[in-house]
Amino acid sequence: FGRGRLWNIYSVPADETREPARALPESELYQWPCSISPDGRWLIYASEGVDRATDLWLAPLDRTTAAQPLLQTPFREDYAMFSPDGASILYASDESGRSEIYMRRFPIRPERVQVSTEGATMASWAPDGGAIFYRTATALMRVSVTRTLAGLAASAPEQLFAIEPAAGLSESFVVTSEGRFLFGRSTRPLHVGVTLNWSQGTVQRQNRSAR
């Protein structure tokens, strides 16, 4: 949620039975949430300072200790996501000069594996953690992930399907437990459309104005 021109992180029940509450202490820096660990203990969020550098931070959701830098570099790190088992994260970084997807073990270690090879934006884990899907400007790609005692490894990327640049699909997407891909689509005027019960065949749609 944003207040004026400043964005901090709040939480609200999905059924909206309570008002939004601040999830982290108030900050003078821009903040936006990325991912919550499967055990519900940790929040990874991105924070952008006055120098425009974006870093990844780790905060305990019980707020017993203060948030700590997770990845803090001169480059832009964003779009982090915990693996389904919570043992790894993936994220986007422009350290190579363009945005690419990288993978690291969690808790963070120095070693990291580059997943994408020709530029990428958003990425998501497969439900079983055995693959990563990521979005390029024109396609959705898949990479297999293997874990050994020596660390993490990623296969060569393969294209799953092409995406027309004019399709209006958002960069973000969700992979369902059945292996389906859900994309947002730009609309004018700007609204957020929510489709309910789509997997059961009984479709209800709710539209809300985006804020």
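These entries record what I looked up in a predicted model of the protein.

**Overall make-up**

I began with the secondary structure and found zero helices and 21 strands. I then looked up burial: of the 211 residues, 34% count as buried. For the accessible surface I noted a total of about 13000 Å², with 52% of this area belonging to carbon and sulfur atoms.

**Gln 31**

Is Gln 31 buried or exposed? I recorded Gln 31 as buried because its relative accessibility is 5%, and the cut-off for buried is under 20%. Leaving aside residues up to four places away in sequence, I listed the contacts of Gln 31 as Trp 7, Asn 8, Ile 9, Leu 24, Tyr 45, Ala 46 and Ser 47.

**Second largest pocket**

I followed Gln 31 to the second largest pocket, where it is one of the lining residues that lie nearest the centre, together with Leu 24, Pro 25, Tyr 45 and Ala 67. The lining comprises 15 residues, and the space in this pocket is about 220 Å³. Which elements give two or more residues to the lining? I found β6 (42–48) and β7 (54–60). The largest share, three residues, comes from β7.

How values were computed: Residues are numbered from 1 along each chain as its sequence is written. This is a predicted model: local features need pLDDT of at least 70, side-chain atom pairs count only at pLDDT 80 or more; totals for chains, interfaces and linings use all residues. Side-chain values use heavy atoms; hydrogens and water are left out. Helices (H or I, at least four residues) and strands (E, at least two) are DSSP runs, numbered from the N terminus. Buried means under 20% relative accessible area, exposed over 50%, partly exposed in between (1.4 Å probe, protein chains only). Accessible areas come from the Shrake-Rupley method with a 1.4 Å probe; for residues, only the protein chains shown count as cover. Contact means heavy atoms within 4.5 Å. On a 1 Å grid over the protein atoms alone, a cavity is a set of points where a 1.4 Å probe fits but cannot get out, and a pocket is an open set with protein on both sides within 12 Å along at least five of seven lines; lining residues have an atom within 4 Å of a point. Grid points are joined across faces, edges and corners, and a volume is the space filled by probe spheres set on the points.
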